[in-house]
Amino acid sequence: MVLTRRDTLLGGLALLGASAVQKPAFAAAASYFNGTAVDNGVTYKATNFAKIDPKWHRQVVKYFSTEPIGTVVVDTRHHFLYLIMENKTAIRYGVGVGKEGFKWYGRATIDSKTLWPKWTPPPEMRKRHPELPEFVEGGSSKNPLGPRAMYLLRDGVDTGYRFHGTLDPGSIGKDASSGCIRMFNEDAIDLYQRCPIGTAVQVLPHIADQAPQVSNATQVE
């Protein structure tokens with residue numbers, strides 16, 4: 001069967017991140033989900049972590065950095081987000097990052113956060129994909145932001161990029177978005193709880209090449 005663009009839209013917006021387009025939601029393997037969970041009155045599909053490569057699981061790792069405790073550092077090449085903790089450790093999350101041509105680097109701060117945010121496709125995305133709706137309500141099963149969005153600003157100006165959840169767990173660990181950093185929904189909820197407004201963020205091309213190899217990682221429940 002040949003799918004039309006309308007079929008793709010009706011099937012879901014899994015390929016769309018806060019600025020991301022990949023593949024239709026119905027194309028994502030059902031095995032990536034296992035049951036449901038409830039968050040702030042919203043029921044959503046729970047990630048089936050048994051089907052996810054353990055390297056992308058949330059875990060505590062040894063981490064050496066000159067950045068202050070509480071800083072978020074993103075290693076875009078290796079698809080990891082680190083939240084720096086005490087005693088030279090960090091919570092490491094697997095993430096999906098921008099596709100070629102959409103990557104970005106630099107410093108920002110989390111200046112706004114939203115539970116179950118509404119998604120409004122940016123104008124440039126709607127030019128590329130005019131079939132997109134003007135907005136998708138928060139909590140909708142077709143909302144590509146998932147349960148949380150953390151908005152990144154630089155010098156008080158919105159960068160247009162966010163940390164957020166995903167409809168496509170299989171995109172974690174890949175260059176998948178149009179610049180936003182996407183996370184497993186459970187990880188987006190976890191990071192949201194740990195990062196107050198004003199959290200410093202640094203997005204780098206890569207850092208893991210220089211990081212010491214550590215085998216005693218500890219999964220974070």
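1. Surface and burial. The accessible surface of the protein comes to about 10600 Å², and 53% of it belongs to carbon and sulfur atoms; areas come from the Shrake-Rupley method with a 1.4 Å probe, and for residues only the protein chains shown count as cover. Of the 221 residues in the protein, 50% are buried. Here buried denotes under 20% relative accessible area, exposed over 50%, and partly exposed in between (1.4 Å probe, protein chains only).

2. Basis of the values. This is a predicted model, in which local features need pLDDT of at least 70 and side-chain atom pairs count only at pLDDT 80 or more, while totals for chains, interfaces and linings use all residues. Residues are numbered from 1 along each chain as its sequence is written, and side-chain values use heavy atoms, with hydrogens and water left out.

3. Secondary structure and contacts. The protein has 3 helices and 13 strands. These elements are DSSP runs numbered from the N terminus, with helices (H or I) of at least four residues and strands (E) of at least two. Among contacts between residues at least 6 apart in sequence, 65% join residues at least 24 apart; a contact requires heavy atoms within 4.5 Å.

4. The largest nonpolar core. A nonpolar core is a set of buried Ala, Val, Leu, Ile, Met, Phe, Trp, Tyr and Cys residues joined through side-chain atoms within 4.5 Å. The largest such core holds 21 residues, and Val72, Leu81, Phe163 and Leu191 touch the most other members. Elements that give two or more residues to this core include strand S4 (72-75), strand S5 (80-84), strand S8 (148-154) and helix H3 (185-194). Strand S6 gives the most, with 4 residues.

5. Which residues does Leu191 contact, leaving aside its neighbours within four places in sequence? They are Val72, Leu81, Leu83, Tyr93, Met150, Phe163 and Met183.

6. Strand S3. In strand S3 (residues 59-62), Gln59 and Val61 form a covered face, whereas Val60 and Lys62 form an uncovered one. In a regular strand the side chains alternate between the two faces of the sheet. S3 runs antiparallel to S6, the two being joined by 4 bridges; strands count as paired if DSSP finds at least two bridges between them. Val60 stands opposite Ile91 in S6.

7. Strand S8 and its partners. S8 is mostly covered, with 6 of its 7 residues buried. S7 and S8 pair in the antiparallel sense over 6 bridges, and Ile110 stands opposite Leu152 in S8. A further 5 bridges join S8 to strand S9 (residues 157-164), also in antiparallel fashion. Arg154 has Val157 in S9 as its bridge partner. S8 and S9 form a hairpin with 2 residues between them, and Asp155 in the turn has a positive phi of about 55°.

8. Side chains of opposite charge can pair when their charged atoms come close. A salt bridge is counted here when a side-chain nitrogen of Lys or Arg lies within 4 Å of a carboxyl oxygen of Asp or Glu, and the count comes to 6. One of these joins the side chains of Asp190 and Arg58 (3.7 Å, N to O). Asp190 lies in helix H3 and Arg58 in the loop between strand S2 (42-47) and S3, so the pair ties together parts that are 132 residues apart in sequence. Both Asp190 and Arg58 are buried.

9. Other salt bridges. Arg107 forms a salt bridge with Glu67, the closest N and O atoms being 2.7 Å apart. This pair links distant parts of the chain, 40 residues apart: Arg107 is in strand S7 and Glu67 in the loop between S3 and S4. Arg107 is partly exposed at 44% relative accessible area, whereas Glu67 is buried at 17%. In the salt bridge of Asp158 with Arg162, the closest N and O atoms are 2.9 Å apart; Asp158 is partly exposed at 41% relative accessibility and Arg162 is buried at 15%. Salt bridges that share partners also join Arg58, Asp187, Asp190 and Arg194 into one network.

10. Cysteines. The structure holds 0 disulfides, a disulfide being a pair of cysteine sulfur atoms within 2.5 Å. Cys180 is buried at 0% relative accessibility, and Cys195 is likewise buried at 0%.
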